[in-house]
Every structure is written in structure tokens, then in C-alpha cells.
Amino acid sequence: MSEVFATTGTIAAIATAVVPQQGSVGIVRVSGSQAMALAQILFHTPGRQVWESHRILYGYIRHPQTQQLVDEALLLIMKAPRSYTREDVVEFHCHGGIMAVQQVLQLCLENGARLAQPGEFTLRAFLNGRLDLTQAEGIADLVGAKSPQAAQTALAGLQGKLAHPIRQLRANCLDILAEIEARIDFEEDLTPLDDKLIISEIEKIAAEITRLLATKDKGELLRTGLKVAIVGRPNVGKSSLLNAWSQSDRAIVTDLPGTTRDVVESQLVVGGIPIQVLDTAGIRETTDQVEKIGVERSRRAANAADLVLLTIDASTGWTEGDREIYEQVQHRPLILVINKIDLLEEDESKTIQSQIVRLSEVEVPNLKSKIATAAAQNQGIDALETAILEIVKSGKVQAADMDLAINQRQAAALTQAKISLEQVQATIAQQLPLDFWTIDLRGAIQALGEITGEEVTESVLDKIFSKFCIGK
């Protein structure tokens with residue numbers, strides 16, 4: 001068995017993020033049959049406090065041999081099965097920082113516990129029937145959520161909003177399988193199987209699977225976010241755009257071209273979607289070795305981005321330098337940002353706008369939108385965000401149910417289930433014996449079971465829970 005499956009014994013781990021000299025509370029979590037005994041060895045309570053489940057005790061953590069005081073703390077007791085893992089669980093709520101929690105953890109390890117593997121607390125919750133796999137993955141998504149919408153989607157998974165339709169689909173497949181197998185075993189005693197009804201039921205199941213699969217891209221977007229690169233010639237206002245958008249001074253802004261020498265990042269949330277904004281160095285030919293490195297990094301960032309904001313200077317319009325940059329990023333979705341419009345006279349503005357209209361219609365076929373901004377005056381940011389959301393909605397996540405989003409593992413299993421059901425339909429169309437119908441139907445049932453954990457292998461669990469932090 002892999003290490004992640006080594007779920008015997010009593011485990012302990014630090015369950016909170018620990019920052020040197022910071023934090024008010026640090027928690028050491030212990031789960032297993034010896035959790036209570038270990039707590040009674042280490043924790044000393046003044047007065048007549050009652051050691052019973054779901055109570056918080058006040059006291060002191062002491063070294064069992066030397067009786068040296070380690071920390072003044074609280075002890076939370078949760079006896080099986082009313083705990084996260086459905087085992088006896090105790091938590092030492094210590095003072096924050098490194099030393100207190102590390103000393104308490106070390107005492108736990110010296111007195112019978114072992115260090116938990118990544119995700120082992122949640123793995124035990126799954127193996128003990130406290131959670132299914134979709135809920136376990138929902139916990140991981142909630143911990144790593146980068147936006148309120150991502151957190152809400154993770155909570156939906158944790159509450160079983162994905163597990164319920166998956167279980168219903170699997171139950172429907174099992175009902176169909178039972179009907180088929182009954183005809184195989186008791187053909188003479190039952191009415192003939194209604195082929196059209198079976199095909200109709202399979203089509204309904206396949207349609208629901210297709211609906212769930214449509215949420216995959218939205219799920220990936222919420223989990224990983226959208227990577228947006230601001231590119232353009234030097235001194236077109238890329239850094240000013242980043243600062244105005246993020247409402248900070250992340251990037252240095254001067255009138256000198258070539259100020260930004262490296263990629264500057266800022267994390268934003270737009271319409272519930274986490275966005276990583278990359279302000280890149282101005283792309284141009286240069287003999288400056290440092291600037292040359294920055295330009296190359298800018299090209300790489302643009303080519304790796306989900307969306308490129310090609311920024312130009314409104315006062316100069318479309319230049320040969322802009323065209324050269326466009327040719328390097330034209331394979332990416334583009335928004336043309338016409339910056340510094342506040343510096344234009346009305347006649348100049350009309351000239352630039354007509355030039356951009358011609359540009360967007362003829363010369364830049366991959367252009368998704370064009371936005372006019374005056375970044376230095378904080379103008380045009382709302383329009384830019386609206387344009388980004390429109391691109392998102394018109395593309396990958398248009399049909400997604402915002403309360404539900406599957407991940408890559410779940411999508412792979414659903415795809416396999418759909419393929420198996422299509423094969424069942426082909427088998428029926430070919431009028432093959434009923435035994436052949438059951439083969440691929442069982443494959444669909446198994447694939448659906450893998451999503452919730454009713455059909456699960458050691459390698460699948462190993463892959464899922466190894467991505468968790470140690471204390472979860």
C-alpha cells in the first residue's frame with residue numbers, strides 16, 4: 001500500500017498556517033484511538049473540568065517526564081463518531097508562532113502519535129464514510145479558493161450538489177442493468193425487453209452527463225483563474241493601467257520608456273473570477289542586455305496568457321511597432337486597449353477611433369474588443385472589466401451552472417461513462433445478445449462510481465489526497 005493509505009494508528013499534525021512571530025492561535029490536531037490518552041498525558045486542567053466530547057478545556061501543556069511548562073492552551077475534544085474523521089479527535093489550541101505548536105507536535109510524536117500524511121485526516125473521513133470523494137475534493141477547493149465565487153462553488157461540492165446527480169445517474173444505470181440481467185436469467189418468465197425504452201433512458205443519462213461536462217471549463221477558470229498579460233511598446237501606459245486596475249502602485253510609472261524591466265504581477269477578482277494580471281516590459285528591439293531579458297520574458301508571458309491586452313498610445317495610433325507586437329501574440333485572444341485618450345483633442349480622437357475601427361475590422365481578425373482608457377486618470381477600467389467578462393461568458397463558461405463545477409478527474413470519469421453509454425447504444429443497434437449490452441453498461445457504472453468513491457482504486461486516492469496539506 002502507498003503511504004497515503006497507511007491510515008492505522010494515531011496521527012498528529014499542525015492544522016493551521018504558522019508564520020514566525022505572528023498569529024494569535026496555532027492548532028495541533030490529533031486523530032485516532034489513542035488521541036484521548038495522549039491528551040490526558042500532555043494536558044493538565046486546573047479545577048474540576050469535565051473531559052467529555054465537544055467541550056473546550058482550559059489548561060497547560062507540560063512535558064510528561066520533566067513537567068516543564070510548554071504552553072498555556074485550550075483543548076477541544078471530539079469523540080467518535082462525532083468528529084471530522086469519525087475517530088476520536090483532540091485539538092490543542094496553542095499560542096501562535098512557530099515554537100509553541102512545534103513543541104506540542106513533537107510531544108505528540110514522542111508519546112505515541114505519528115506525523116500525518118498529506119490529506120490523511122480527510123482521507124480517514126472518506127474511508128470512515130464521513131465524506132465522499134466529491135466532498136473531499138470540495139474541501140481542497142475551498143482551502144485553495146481564490147475568489148468568493150470559487151469558494152461558493154467549492155461549498156456546493158462539499159454540500160453534495162455534485163454527488164447527488166452523480167449517484168442518481170449511477171442508480172439509473174444500475175436499474176437498466178438489473179432489467180437486462182433479469183431477462184438474461186429469467187427470459188422465459190418475463191416480458192421481452194423494450195429496446196426503445198432502454199435507448200431512451202440511456203439518452204437521458206447521456207444528456208445529463210453532457211450537462212455536467214459543460215461545467216468543466218468554468219471549474220478550471222474558478223480554480224486556476226484567468227491569466228491576463230498587458231503588452232505593448234514602451235511608454236504606452238501599461239504600468240499605469242496595472243496600477244489603476246489594481247488600485248495600487250505595484251508598477252513604477254515614469255515618462256521614460258523602458259522603465260519596467262521585468263514582469264510585474266497583481267492578483268485581482270473580476271466578476272467572481274480570479275485574474276492574474278501581468279504587466280510586461282515594453283517590447284522593442286534594444287541593445288541593453290537587462291532590458292533585452294525583460295523583453296524576452298514579456299514575450300513568454302504573452303504567449304502563456306489566456307488573454308492579451310494589446311495596449312497602444314492613442315496619440316500615436318497604430319504604429320509599425322504595434323504591428324510587430326501583434327504578429328507575435330495574434331494567436332491569443334486580444335483586447336485592444338487604446339490608452340492615453342485624455343491627451344487627445346476631439347479631432348485627434350475621432351481620427352484615432354476611425355483608424356481603430358478599420359484596424360479591428362480588417363487588420364486584426366482575432367480582436368475580441370477595443371477599449372478606450374485614460375489609465376493615469378482611472379478612466380475606462382470598468383469598461384475593460386466588462387469586456388473581459390463578456391469574452392469569458394461568450395466562450396468556455398457560457399452554459400455553466402454557477403452552483404456546480406467539475407474538475408479534471410471528474411470530467412475524465414464522466415467522459416468515460418458517456419463513451420461507455422454510446423457503446424451500449426451501438427451494441428443495441430447492432431442487435432447483439434443482451435450479455436454484450438451489460439459489458440459497457442458496467443463500464444459506465446464503474447466510471448460514475450469513481451467520481452463519488454463507490455468504485456475507487458488506491459492510485460486514485462493516492463493522487464487526490466497527496467495534493468492536500470498535511471494538517472487537513
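Predicted model: local features only at pLDDT ≥ 70, side-chain atom pairs only at ≥ 80, totals over all residues.
Residues are numbered from 1 along each chain as its sequence is written, and side-chain values use heavy atoms, with hydrogens and water left out.

Let me start with the annotation. The unreviewed UniProt entry marks Arg29, Glu91, Arg130 and Lys472 as "binding site"; UniProt positions are given in the numbering used here, feature names are shortened, and such annotations may be inferred rather than shown by experiment. Glu91 sits in strand E6, residues 89-95, where helices (H or I, at least four residues) and strands (E, at least two) are DSSP runs numbered from the N terminus. With 8% relative accessibility, Glu91 counts as buried, a word that here means under 20% relative accessible area, with exposed meaning over 50% and partly exposed in between, using a 1.4 Å probe and protein chains only. Beyond its neighbours within four places in sequence, Glu91 is in contact (heavy atoms within 4.5 Å) with several residues, including Arg29 and Leu75. Arg130, by contrast, is found in the loop between helix H3 and helix H4, and is partly exposed at 35%.

Turning to the interior, a nonpolar core is a set of buried Ala, Val, Leu, Ile, Met, Phe, Trp, Tyr and Cys residues joined through side-chain atoms within 4.5 Å. The largest such core has 29 residues, of which Ile209, Leu414, Leu421, Leu441 and Leu448 touch the most other members. Helices H6, H7, H14 and H15 are the elements that give two or more residues to this core. A second, separate core holds 28 residues, among them Leu242 and Ala375.

Finally, the charged pairs: the structure holds 15 salt bridges, each a side-chain nitrogen of Lys or Arg within 4 Å of a carboxyl oxygen of Asp or Glu. In one of them, Arg409 pairs with Glu137, with the closest N and O atoms 2.8 Å apart. Because Arg409 lies in helix H14 and Glu137 in helix H4, this pair ties together parts that are 272 residues apart in sequence. Arg409 is partly exposed at 22%, whereas Glu137 is buried at 8%. Within helix H7, Arg211 and Glu208 lie three residues apart, about one turn of the helix, and their side chains meet in a salt bridge at 2.9 Å, N to O.
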